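This report describes selected local features of one protein chain.

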Amino acid sequence: MSPTTEARPAVRHHSGAADAAPPPRQRRRPTSQQWAAWGFLAPVTVYLALFYAYPLYRNIDLSLRNYTVRSFVQGNAPFTGLKNYLTVFDDPTFAPALLHTVVFTAVCLVFQYAIGLALAVFFNQHFRLSATLRALFLVPWLLPLIVSASTWSWMLNSDSGVVNAALHAVGIGPVNWLTSPSWSLASVIIANIWIGVPFNLVVLYSGLQSIPASLYEAAALDGANAWQRFWRITFPLLRPVSAITLLLGLVYTLKVFDIIWIMTKGGPADSSTTFATWSYQLGFGNLLPAFGPGAAVGNLLVVAALMFGLVHVRAQRKQASS
């Protein structure tokens, strides 16, 4: 066999391999629909970057540097690491502010949700004037917070408030709602509950509308009373709506500042100071502002809200997978 005939199969084999090689992949150009999607997404991205990401970055930077009024303007504050956080933890105001924040948030959430759920179930009966009364219950939520807080300050005034006047009419002595360390926190809790109930009412009422009426009819035919229908049908089917209502209420309540500041300014003797008011006092309430510790307290609120948000997301994913 000649050398040329021996080489032919190799040449044919090489040619076949070359023919079998896949053609190079061409880069696909974005379609008009993809450009339109990016166009709609761009404003949201810019908004989140300017009003959420950048302020959060600046707040973290404030908490990691020793900012004074001069360095805040000039931007040459030295880096101090976690010193501001250690200063906050060692401050004698930290423990009372933490306790007040937990109590304020927990009590407001429980009562806002319970009252909102009771009202939602009540208005779900579709009686006459139901829509009118629901609209009236939205008034506290629609009013500016400065108006609501000022109104409650007037109502709870020790000398001329209508609450003490009503207590006097039934033979109860006056209560120093806003000037007593024993009552100041309770006063701002009552005001915040009144403001937050309409939000819970609206969200939970919309959730009730999605529950089929046939379930209640079947339960009534089986002999279930009103309480059993609520506990075995309404409450379980409202869990997804209740979870998002409580989460949004938690985030809102953690950062409540204006109501407390207008009514008590965190006093007297820091008896109604929360992390929100303390952060403002540190950063802006003194002649020599402590920007770093104030930002550190604000970041603690952000971390707390983020942790509860992650817990909610994890619970939702677990429920969806099951």
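## Nonpolar surface patch

A nonpolar patch on the surface is formed by W35, W38, L41, V44, V46, Y47, L48, L50, F51 and Y52, which together have about 1100 Å² of accessible area. Patches are made of residues with over 30% relative accessible area and no salt bridge; like charges are joined within 9 Å, and nonpolar side chains (Val, Leu, Ile, Met, Phe, Trp, Tyr) within 5 Å. Accessible areas come from the Shrake-Rupley method with a 1.4 Å probe, and for residues only the protein chains shown count as cover.

L41 is located in helix α2, residues 32-63; helices (H or I, at least four residues) and strands (E, at least two) are DSSP runs numbered from the N terminus. With 40% relative accessibility, L41 is classed as partly exposed, where buried means under 20% relative accessible area, exposed over 50%, and partly exposed in between (1.4 Å probe, protein chains only).

## Basis of the model

The model is predicted: local features need pLDDT of at least 70, side-chain atom pairs count only at pLDDT 80 or more, and totals for chains, interfaces and linings use all residues. Residues are numbered from 1 along each chain as its sequence is written, and side-chain values use heavy atoms, with hydrogens and water left out.

## Annotated regions

An unreviewed UniProt entry lists residues 98-312 as "domain: ABC transmembrane type-1". This span is 73% helix and 0% strand, and its end C-alpha atoms lie 22 Å apart. UniProt positions are given in the numbering used here, feature names are shortened, and annotations may be inferred rather than shown by experiment.

Under "transmembrane region", the unreviewed entry lists residues 35-54, 97-123, 135-155, 183-205, 237-263 and 290-313. Residues 135-155 are 86% helix and 0% strand, with end C-alpha atoms 23 Å apart. For residues 237-263, the figures are 85% helix and 0% strand, and the end C-alpha atoms lie 38 Å apart.

## Salt-bridge network

The whole structure contains 2 salt bridges, a salt bridge being a side-chain nitrogen of Lys or Arg within 4 Å of a carboxyl oxygen of Asp or Glu. One joins the side chains of D61 and R58 at 3.4 Å, N to O. These two residues are 3 residues apart in helix α2 and are therefore separated by about one helical turn. The other joins R65 to D61 at 2.8 Å, N to O. Through shared partners, the salt bridges connect R58, D61 and R65 into one network.

R58 is partly exposed at 26%, and R65 is partly exposed at 26%.

## The loop between α14 and α15

T273 lies in the loop between α14 (258-263) and α15 (275-284) and is buried, with a relative accessible area of 1%. A polar atom of the T273 side chain is 2.8 Å from the backbone oxygen of G266. Leaving aside neighbours within four places in sequence, T273 is in contact (heavy atoms within 4.5 Å) with T93, P96, A97, H100, G266, W278 and Q281.

The loop also holds P268, and the peptide bond from G267 to P268 is cis, with omega near -5 degrees. K265, in this loop, has a positive phi near 55 degrees although it is a residue other than glycine; its relative accessibility of 49% makes K265 partly exposed. A269, likewise in the loop, is not a glycine and has a positive phi of about 55 degrees. A269 is exposed, with a relative accessible area of 75%.

Conventions
Polar contact = N/O pair within 3.5 Å; in protein donor to acceptor, adjacent residues only side chain to side chain.
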